[in-house]
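Reader: I would like to learn how to read a protein model, one feature at a time. Please give the general idea and then the case.

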Amino acid sequence: MQKKPFSPKNSFFVTMWLVFHMVIILAFVLSFVFGKELNIDSDLFHMLPTSTLGPAMGEADERLSDATAQNVFILVSHEEFESAKATAEDVYSQLKDNPFLTSLSLYAGDNAIASIEDFVHDYRWNLLDDDSIQELSAADGPQMFAENAISKAYGSFTLTPLSYLDEDPFLLDENSVTSYFAALQDAGTAMTAKDGVLASEYEGKWYVMIRGTLSKEGSAIASKDNGITSIYKVCEPLEKDGIRFVYSGTAFHSHKSSTSAVSEIGIISAISLSIVVLILLLVFRSGLPLIASVVSIFVSVGTGFAATHLVYGGLHILTLILGTSLIGSCIDYSLHFFVNWKANQALSSGAEVRKYLFKGLTLSLVSTEICYFILLFAPFDLLKQMGVFSMTGIMSSFLSVICIYPLFKLPKENKRKISIIKYYRHSNLAQKKNFTLIVSCICIIVTGIIIAVHHKNVRIHNDMYKLYTMEGRLKEDNDIAAEVTQYNPKGWFIIHGKTEEELLQTEEYVCQKLREIGRGKAGGGFLATSRFIPSIAHQKKSRDAAKKLLELAPEQYLMLGYEEGEDLDLEGIFDSSENDYLLPDCKLPESVASIVKMLWLGQIQGEYYSVVMPVTNMADEEYTKIAAERKDTVTYENKMKDLVLDLII
């Protein structure tokens, strides 16, 4: 006679199941009430190990990834420049007010140039480059500098207007603007201003660049509506009559990988669930095992998702893909229960089935949980997420089997048999022990022979470059963009200091070393905050050097056509700017601010961090040598290459 489903013992197990699941689900729901947002990530770099140099460096890595991941570039190409420009303007007009884009730029017009000129003029005394400072430090340097200024003023071309000559007779603006534009050229790579836009000619085609930054919502992955889908929606209908779009930026790859991942999840889940349904229908010919098993799978996956999101504030899309292995564990536990529930006539209630299976299922659970627990000590956040996801999901499945399934009423006595398993009883199975052993041995031998024959093709891959392989249109676009823009950074220096000033001085050291190894070689360009905002120490050197020009001011004004006795107090202007130092938090021109925002990581756990980024690449050995000379404050990272080496070692 079957025991009552809700006996005290069964009630205890049900309570245990409810407490486990309700604690996780309620905590997950409350996290959204208190401001957390759903976060499913597919960024390639976010699935790699964080820095082993400490939590601060790991946070610096994350800030850099976030700063660069939302940048997108669209190159519009055509054999005729006017056609490429017209199409780019059409795309720009359709996207400029798109809510998924926080910024979009096409034009390199006079306003951007004028804003830089005005900004530089205010700090002209502080922005002399190293060569100019060295020149002014020589005995006859100030005189030669002054004469060169006269030549430029009476020459046919200067970058800066001559309207400030009364305040800047030595054309310090010209010197500083030239340095700024050189730095901007590295940021803008091989693209140059043509007819008001950034363009470049490559292999007989013109390429016009549109630059944009995605909003947080616009960079959302695995979504039908985001910044990338908006770009494709606008661009794809225009790709005709010789127009070709080239898409560049991490966001395009994240979109593709997340879209593929969602598709894979759907396919894997559909196939797995279809097989589960087929097995359950064939074996049990009853709807209860099917419904219970499918519900258990969804509860386990949902619980694993909630727990992982709670612990890590989100989860990577690959965690969901690999987490579909939970389906196998869920159905395994369910099959153990329902086989005995259906056909083991020695057991007269669900509670007895639980008691019969409890030791075996518990041992299975413990061994599996230990394996996944070890993943929590891996350097990969992705593996840690998989560990939490799988541990929680498998525990949920186990609890469903031992807590909920025993509540199900057993079938009637005449239906407690499984047609497909004619010899279920232990006595019959024991008779086939030798047969099972023989079959197992044959399988092992066949597997060994296959491995021996094909041993050359057996590989254990640890190449992280193959975690995401560019292919098709995006690979072609990536190659074209690298050739057209000559912008292909693969590594960077992360620099830190106790103060902003110390950080900027260290940056300047690294920049000087990069200039030295880059002279006479392709690929010497680099981006750095200190190219736009020098250290105060450098600014003081600049002012000291510029001060040597003041005694030449009367003669300089006469050479420029000013009359003697005019009210021109250059020394007073210089003295009035004595404390006007350029600092990292100052308001920069928009074209400069967007670059500095990416490079200047700010304060992290009590110290300041920034990035110096070579825009094209020479041998990594050159860069690691620079970092080794200041190893306490400078780290060079080629994240993918370093990771591969770590795995090999």
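Reader: Where is the place of Leu-361?

Author: Helices and strands are DSSP runs numbered from the N terminus, helices being H or I with at least four residues and strands E with at least two. Leu-361 has its place in helix 13 (residues 350–374). This is a predicted model, in which local features need pLDDT of at least 70 and side-chain atom pairs count only at pLDDT 80 or more, while totals for chains, interfaces and linings use all residues. Residues are numbered from 1 along each chain as its sequence is written, and side-chain values use heavy atoms, with hydrogens and water left out.

Reader: Does one say buried or exposed for Leu-361?

Author: Buried means under 20% relative accessible area, exposed over 50%, and partly exposed in between, with a 1.4 Å probe and protein chains only. Leu-361 has 6% relative accessibility, so it counts as buried.

Reader: Which residues does Leu-361 touch, not counting residues up to four places away in sequence?

Author: A contact means heavy atoms within 4.5 Å. With those residues left out, Leu-361 touches Tyr-333, His-336, Phe-398, Val-401 and Ile-402. Ile-402 is 41 residues from Leu-361 along the chain, and their C-alpha atoms are separated by 8.9 Å.

Reader: How many residues does helix 14 have, and what does it reach from its first C-alpha to its last?

Author: The expected span of a helix is 1.5 Å times one less than its number of residues. Helix 14 (residues 381–404) has 24 residues and reaches 33 Å, close to the 34 Å expected. Of its 24 residues, 18 are buried, so helix 14 is largely enclosed by the rest of the structure.

Reader: How is a pair of aromatic rings described?

Author: By the distance of the centres and the angle of the planes. Rings of Phe, Tyr and Trp (its six-membered ring) pair if their centres lie within 6.5 Å; planes under 30 degrees apart count as stacked, over 60 as edge-to-face and the rest as tilted. The structure holds 23 aromatic pairs. One of them is edge-to-face: Tyr-232 and Tyr-247, at 5.0 Å centre to centre with 90° between the planes. This pair links distant parts of the chain, with Tyr-232 in helix 8 (residues 227–235) and Tyr-247 in strand 7 (residues 244–248), 15 residues apart. Both Tyr-232 and Tyr-247 are buried.

Reader: Why is the pair of Phe-493 and Tyr-623 edge-to-face?

Author: The ring centres of Phe-493 and Tyr-623 are 5.8 Å apart and the planes are at 85°, so the pair is edge-to-face. Phe-493 lies in strand 9 (residues 492–497) and Tyr-623 in helix 23 (residues 620–629), so the pair ties together parts 130 residues apart in sequence. Both Phe-493 and Tyr-623 are buried.

Reader: Where does the charged end of Arg-630 sit?

Author: A charge sits over a ring if NZ of Lys or CZ of Arg is within 6 Å of the ring centre and within 35 degrees of the ring normal. The charged end of Arg-630 sits over the ring of Tyr-509, 3.8 Å from its centre. Arg-543 lies over the face of Phe-574, at 4.3 Å from the ring centre.

Reader: In what sense do strand 11 and strand 12 pair?

Author: Two strands pair if DSSP finds at least two bridges between them. Strand 11 and strand 12 (residues 607–614) pair in the antiparallel sense over 4 bridges. Trp-600 stands opposite Ser-610 in strand 12. In the hairpin of these strands, with 2 residues between them, Gln-605 takes a positive phi near 50°.
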